[in-house]
Structure formats: C-alpha cells, structure tokens
Amino acid sequence: PAPAAPSQATPAYSGPAYDVEIVIFRARTALGQPENWTAETATGATVAGGEASSGSGSVGKLLTVLPASGYRLTSIEARLRSSGTYLPVAHAAWVQTASAWGTHAGFPLESLGINVPGLTGDIVLERGQFLHLGMALSYTMQDPPSGLNAAPGTTFVMNETRRVRFYQRNYYDHPAFGVIALVTPANRSTGGR
C-alpha cells in the first residue's frame, strides 16, 4: 500500500533519515501479581528525557517501508516466539525523517505495513536536541492474557515517548503488550540500509 501522509499538514522536514524497526508482542499470560489492568486503558502520555519544543513545525516524511529481508530484530522476534511467554503480533521497519520536537506528527500503523486486527495507533519520531521515539497504540484483544482480569474485547492503551540512542534496543512496556524498537541512521545511497 502507498505510504500515508503525516497526520498534520505542515511543511515537510528535510533533515537526516533514520531506519526505525519495531516488534510488537503480547503476553500469553499476565506476569507478576494479578491486577486489574483495564484501568491502564486511560493512561496519559509519558515523556522520558523531555525537552522544550524546538519552535519549528517541521513534519517528518515516510521515505520507504523496508522488506523483511532487511530486519535487524529478527532474532529478538524468534526468541519471543519460542519463549512460550510472549507472542509477536507485528514486525515492521521503515525509513523516515524526524518531525520537529513537540509536533507529535507521526505515521499510522497501516502506512508502516502493520495490519493486525484490533491494533491501531501512530508511531512518532521527533528530533529536538535529542531524538525521541513515541507511540500511541491501542490494542483491543478478544482473548486478553489470562491473569489480567480483563474481559474479551478490552482495549489496552500504550502512550509513551522516550529518548532513543542509535543502535540501542528500546523497550516500551504494558502488562498486556509491549514493543521493542531500534533506531539507526539510514544510508541514503541505498534508500535505507
């Protein structure tokens, strides 16, 4: 499918390009003490390593969605799958420029090649003084992990932004599902990697 335009109509950003790769997975059963995690469906945004807005309205551009042959987190996905504790539900990688810090302009999962029933949301890469990767994801599960005290059809929300460093795996956590992300500089001469 054709990449979607950024969610806000502001001038395009022409800065450096980045490879972004994510593995979204869910727990098969709840870990730790049983709690009612349906309250988590209303959590607000979390920003780690925050900084002041750059004052620019520049919006990142989705340059290309990368094929599975170029994934760097394949071994992580395989370990999750073989663990018996987690189930990978989506794996995608793409090349993009970053939006200016504070714009919250990102790309919907569908434009990144992720089409999982019940999973919706946006991935945001922003640059100010530091690079930040954020996600606002909603996952409606017909069979939530046992031990979460959640009814079938419960929607869980993850809304988190954090500072990222190149070549370091970043873990975004929720008791029902999680994301492992990797951001690296893109090689423009090869259109990505």
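These legends accompany close-up views of one predicted model.

**Overview. One helix and eleven strands make up the fold of the chain.** Along the sequence, the elements run β-β-β-α-β-β-β-β-β-β-β-β. The chain counts 193 residues, and 45% of them are buried. Take the contacts between residues at least 6 apart in sequence: 70% of these join residues at least 24 apart.

View 1. Helix α1 spans residues 74-83, and its buried residues are Ile76, Glu77 and Leu80. Seen down the helix axis, these buried residues fall within an arc of 100°, so they line one face of α1. Arg79 and Ser82 lie on the other side of α1 and are exposed. The cover over the buried residues includes strands β1 (17-27), β4 (86-97) and β11 (177-185). Just after the helix comes Gly84, with a positive phi of about 80°.

View 2. Glu77 is buried, at 18% relative accessible area. That value falls under the 20% limit for buried residues. Arg81 is partly exposed, at 42%.

**View 3. Asp143 and Arg26 form a salt bridge.** Their closest N and O atoms are 3.0 Å apart. Asp143 sits in the loop between β8 (131-141) and β9, and Arg26 sits in strand β1, so this pair ties together parts that are 117 residues apart in sequence. Arg26 is buried, with a relative accessibility of 9%. The structure holds three salt bridges, including this one.

View 4. Glu160 is buried, at 13% relative accessible area. How far from the centre of the Phe130 ring is the charged end of Arg163? The charged end of Arg163 sits over that ring, 3.5 Å from its centre.

**View 5. Phe25 and Tyr86 pair edge-to-face.** A pair of aromatic rings is described by the distance of the centres and the angle of the planes. Here the centres are 5.3 Å apart, and the planes make an angle of 85°. Phe25 belongs to strand β1 and Tyr86 to strand β4, so the pair ties together parts that are 61 residues apart in sequence. Phe25 is buried, with a relative accessibility of 4%. Tyr86 is partly exposed, at 22%.

**View 6. Tyr18, Phe166 and Tyr167 form an aromatic cluster.** Ring pairs link these three residues. Across the whole structure, a search finds five aromatic pairs.

**View 7. Leu112 is a buried loop residue.** Its loop runs between β6 (107-108) and β7 (119-127). The relative accessible area of Leu112 is 1%. Which residues does Leu112 contact, leaving aside its neighbours within four places in sequence? They are Leu62, Val65, Ala92, Trp94, Phe107 and Ile123. His91 is 21 residues from Leu112 along the chain, and the C-alpha atoms of the two are separated by 9.8 Å.

**View 8. Thr154 makes a polar contact with the backbone of Ala151.** Thr154 belongs to strand β9, which covers residues 154-163. A polar atom of its side chain lies 2.5 Å from the backbone oxygen of Ala151. Is Thr154 buried or exposed? Thr154 counts as buried, at 12% relative accessibility.

Terms used:
Residues are numbered from 1 along each chain as its sequence is written. Side-chain values use heavy atoms; hydrogens and water are left out. Helices (H or I, at least four residues) and strands (E, at least two) are DSSP runs, numbered from the N terminus. Buried means under 20% relative accessible area, exposed over 50%, partly exposed in between (1.4 Å probe, protein chains only). Contact means heavy atoms within 4.5 Å. A polar contact is a pair of N or O atoms within 3.5 Å; within protein, one must be able to donate a hydrogen and the other to accept it, and residues adjacent in sequence count only if both atoms are side-chain atoms. The arc is that of the directions from the helix axis to the C-beta atoms. Rings of Phe, Tyr and Trp (its six-membered ring) pair if their centres lie within 6.5 Å; planes under 30 degrees apart count as stacked, over 60 as edge-to-face and the rest as tilted. A charge sits over a ring if NZ of Lys or CZ of Arg is within 6 Å of the ring centre and within 35 degrees of the ring normal. A salt bridge is a side-chain nitrogen of Lys or Arg within 4 Å of a carboxyl oxygen of Asp or Glu.
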